[in-house]
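Please look over the sequence and the model first, then read the points below by topic.

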Amino acid sequence: MKELDYAKVGARIRQTRKAKGWSREELAKKCGISTHFMGHIERGSRKMSLDTFASLCRELEADADALLWGMMQPSEAVIHDLWKQPEKKDSDSYAMYIRIVKSVADIMGGYEKQEPGGGPEDQDVGIRQ
């Protein structure tokens, strides 16, 4: 399992806070913690409770994975939706869709993990006319 880098987590929290135009004091108040502790969190010099982390995610409207690891982990439903056939009847659109989905899957590292029959290239989907 990857070890958490608290300095990076704090930097992502700071970046998200600044993107919202909030001061450290504003975010600390919204989360019910001291400004001093908020500073420690952003520097990665102190660990926060799960409750505090949940408050930060909620107030910043940020995904927990994005703050913890710097990337969002898609849910099963999102991945399943990616494999759905597009509504377009145009074969060029469908071919482009397949290339995009394969590229995204490659980036996520999940394409190689797909079981046979799991992706559109393994199904006899055809183009709707």
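- Met 38 is in contact with Ile 13, Arg 24, Leu 27, Ala 28, Ile 33 and Leu 56, leaving aside its neighbours within four places in sequence.

- The buried residues of α4 are Thr 52, Phe 53, Ser 55, Leu 56, Cys 57 and Leu 60.
- The cover over these buried residues includes α1, α2, α3 and α5 (64–69).
- Thr 52 lies in helix α4, and it counts as buried because its relative accessibility is 11%, under the 20% cut-off.
- Not counting residues up to four places away in sequence, Thr 52 touches Ile 33, Phe 37 and Ile 41.
- After α4 comes Glu 61, which has a positive phi, near 55°.

**Packing of α2 with α4**

- The helices α2 and α4 pack at an angle of about 115°, and their axes are 9 Å apart.
- Their crossing is right-handed.
- On the α2 side the contact involves Leu 27, Lys 30 and Cys 31, which meet Ser 55, Leu 56, Glu 59 and Leu 60 in α4.
- By type, the residues of this contact divide into 4 nonpolar, 1 polar and 2 charged.

**Helix α3 and its packing with α1**

- In α3 the buried residues are Phe 37, Met 38, Gly 39, His 40, Ile 41 and Glu 42.
- These buried residues of α3 pack against α1, α2 and α4.
- The angle between α1 and α3 is about 115°, with the two axes 5 Å apart.
- From α1, the contact is made by Tyr 6, Ala 7, Gly 10, Ala 11, Ile 13, Arg 14 and Arg 17, and from α3 by Met 38, Ile 41, Glu 42 and Arg 43.
- The residues in the contact of α1 with α3 comprise 6 nonpolar, 1 polar and 4 charged.

**Asp 65 in α5**

- Asp 65 is found in helix α5.
- Is Asp 65 buried, exposed or partly exposed? With a relative accessible area of 22%, Asp 65 is partly exposed, because that class lies between the cut-offs of 20% and 50%.
- Asp 65 and Val 9 are 56 residues apart along the chain, and their C-alpha atoms are separated by 10.0 Å.

**Confidence**

- The chain has a mean pLDDT of 78, and 68% of its residues reach 70 or more.
- Residues 118–129 have a pLDDT below 50, and in the model this stretch has 27 contacts beyond near neighbours in sequence.
- Where pLDDT is low, the predicted coordinates should not be read in detail.

Technical notes: Residues are numbered from 1 along each chain as its sequence is written. This is a predicted model: local features need pLDDT of at least 70, side-chain atom pairs count only at pLDDT 80 or more; totals for chains, interfaces and linings use all residues. Side-chain values use heavy atoms; hydrogens and water are left out. Contact means heavy atoms within 4.5 Å. Axes are lines fitted to C-alpha atoms, for helices over the stretch in contact, and angles run from 0 to 180 degrees between N-to-C directions. Helices (H or I, at least four residues) and strands (E, at least two) are DSSP runs, numbered from the N terminus. A crossing is left-handed if the near helix is turned anticlockwise from the far one by less than a right angle, and right-handed if clockwise. Ala, Val, Leu, Ile, Met, Phe, Trp, Tyr, Cys and Pro count as nonpolar, Asp, Glu, Lys and Arg as charged, and the others, Gly among them, as polar. pLDDT is the predictor's confidence in each residue, from 0 to 100. Buried means under 20% relative accessible area, exposed over 50%, partly exposed in between (1.4 Å probe, protein chains only).
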